[in-house]
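Subject: Structure handover

Hi,

Here is the structure I promised to pass on to you. Please open it alongside this email, and my notes follow below.

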Amino acid sequence: MALAVLALCFERPMHPYEMAATLKRRHKHESIKLRYGTLYTVIEMLTSRGLIRSKETSRGGKRPERTVYALAPAGRDLLRNWMRHLLAEPAKEFPQFEAALCLLPVLPPDEAVALLRDRHSRLAEKLKQMQAELNDILAMTFAEVAGSDEELPAPLLGLKFPAILVVESEYRLTLLKAELDFVTELVRRITEEGWGPAPLWRDMQASCEREYQRENAAAARETASAADS
């Protein structure tokens, strides 16, 4: 969120409501978690650190005061250095799906396959939806994407919206397609090749489940015995 605020203020001075509206209108909230409470907290933090500055405060009609924020020199330097690092340096991330895969034997193979097939269906639907949204936005002009409340330079008004401004959507689509292919192949390996191997996987999971039930039953008996005494 801090990176997004710096980037928006680099584009032009904005007030917080405009920042949030711009992110949503451009579908950037698909890549950056947008929460209004967090947005205002981040703005306060950036202001206190001298990375953005209050440019002006205005009030329109009965609306509350709106403070417009501009990018300070220190914020501009941080924005560029931060972006350079994020683009050039691969970072280890910890996706939830990867965590589930590394602990897959907790579930029996049949249940794991059923759940993976459910995931496959949801991924396919999400892929279809994302592709349609990307096609729609790339068919629009700058003015249509910007909306009526955003002033654009005259040369941009009739231009098609360029793909570079939604390249993160292409990245998400690529990852989604790769995950869909991975899930398809994983289900095939488990069901057709007995991968795991599936019999050993099934026996190990069942053994752990029996041991859990035995241990839990013993603990319950001890608790009951202590309560009686």
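Buried here means under 20% relative accessible area, exposed means over 50%, and partly exposed is in between, with a 1.4 Å probe and protein chains only. The helix labels come from DSSP: helices are H or I runs of at least four residues, strands are E runs of at least two, and both are numbered from the N terminus.

Two remarks on provenance. This is a predicted model, in which local features need pLDDT of at least 70 and side-chain atom pairs count only at pLDDT 80 or more, while totals for chains, interfaces and linings use all residues. Residues are numbered from 1 along each chain as its sequence is written, and side-chain values use heavy atoms, with hydrogens and water left out.

H6 itself has 30 residues and runs 42 Å from its first C-alpha to its last, close to the expected 44 Å. That expected span is 1.5 Å times one less than the number of residues.

Helix H8 (residues 167-192) has 26 residues and reaches 37 Å between its end C-alpha atoms, close to the 38 Å expected. Its buried residues are Glu168, Ser169, Leu173, Leu176, Leu180, Val183, Leu186, Val187 and Ile190. They pack against helix H5 (96-102), helix H6 (109-138) and helix H9 (198-228).

For H9, the 31 residues should span 45 Å at 1.5 Å a residue, and the end C-alpha atoms are 45 Å apart, so the two agree. Ala198, Trp201, Gln205 and Ala218 are buried in H9, and the buried residues of this helix pack against H6 and H8.

How do H6 and H9 meet, and at what angle do they pack? The angle is about 110°, with the axes 9 Å apart, which makes H6 roughly perpendicular to H9. Axes are lines fitted to C-alpha atoms, for helices over the stretch in contact, and angles run from 0 to 180 degrees between N-to-C directions. Angles under 35 degrees count as roughly parallel, over 145 as roughly antiparallel, 65 to 115 as roughly perpendicular and the rest as oblique. Pro109, Asp110 and Ala112 of H6 make this contact with Ala198, Trp201 and Arg202 of H9. By class, the residues of the H6 and H9 contact are 4 nonpolar, no polar and 2 charged. In this scheme Ala, Val, Leu, Ile, Met, Phe, Trp, Tyr, Cys and Pro count as nonpolar, Asp, Glu, Lys and Arg as charged, and the others, Gly among them, as polar.

**Around H1**

The axes of helix H1 (residues 2-11) and helix H4 (residues 73-88) come within 10 Å and cross at roughly 125°, so H1 and H4 are oblique to each other. The crossing is left-handed, meaning that the near helix is turned anticlockwise from the far one by less than a right angle; clockwise would be right-handed. On the H1 side are Ala2, Leu3, Leu6, Ala7 and Phe10, which meet Gly75, Leu78, Leu79, Trp82, Met83 and Leu86 in H4. The contact of H1 with H4 has 10 nonpolar, 1 polar and no charged residues.

With H3, the axis of H1 comes within 9 Å and crosses at roughly 70°, and the two helices are therefore roughly perpendicular. This crossing of H1 and H3 is right-handed. Ala2, Val5 and Leu6 in H1 meet Leu39, Val42, Ile43, Met45 and Leu46 in H3, a contact with 8 nonpolar, no polar and no charged residues.

**Backbone spots to look at**

Most residues other than glycine have a negative phi, and most peptide bonds are trans. His27, although not a glycine, has a positive phi of about 65°. It sits in the loop between helix H2 (16-25) and helix H3 (36-48) and is partly exposed, with a relative accessible area of 33%. His27 and Leu134 are 107 residues apart in sequence and 9.8 Å apart in space, C-alpha to C-alpha.

Just after H8, Gly194 takes a positive phi of about 60°. The peptide bond from Gly196 to Pro197 is cis, with omega near -10°, and Pro197 lies in the loop between H8 and H9.

Best wishes

Terms used. Contact = heavy atoms within 4.5 Å.
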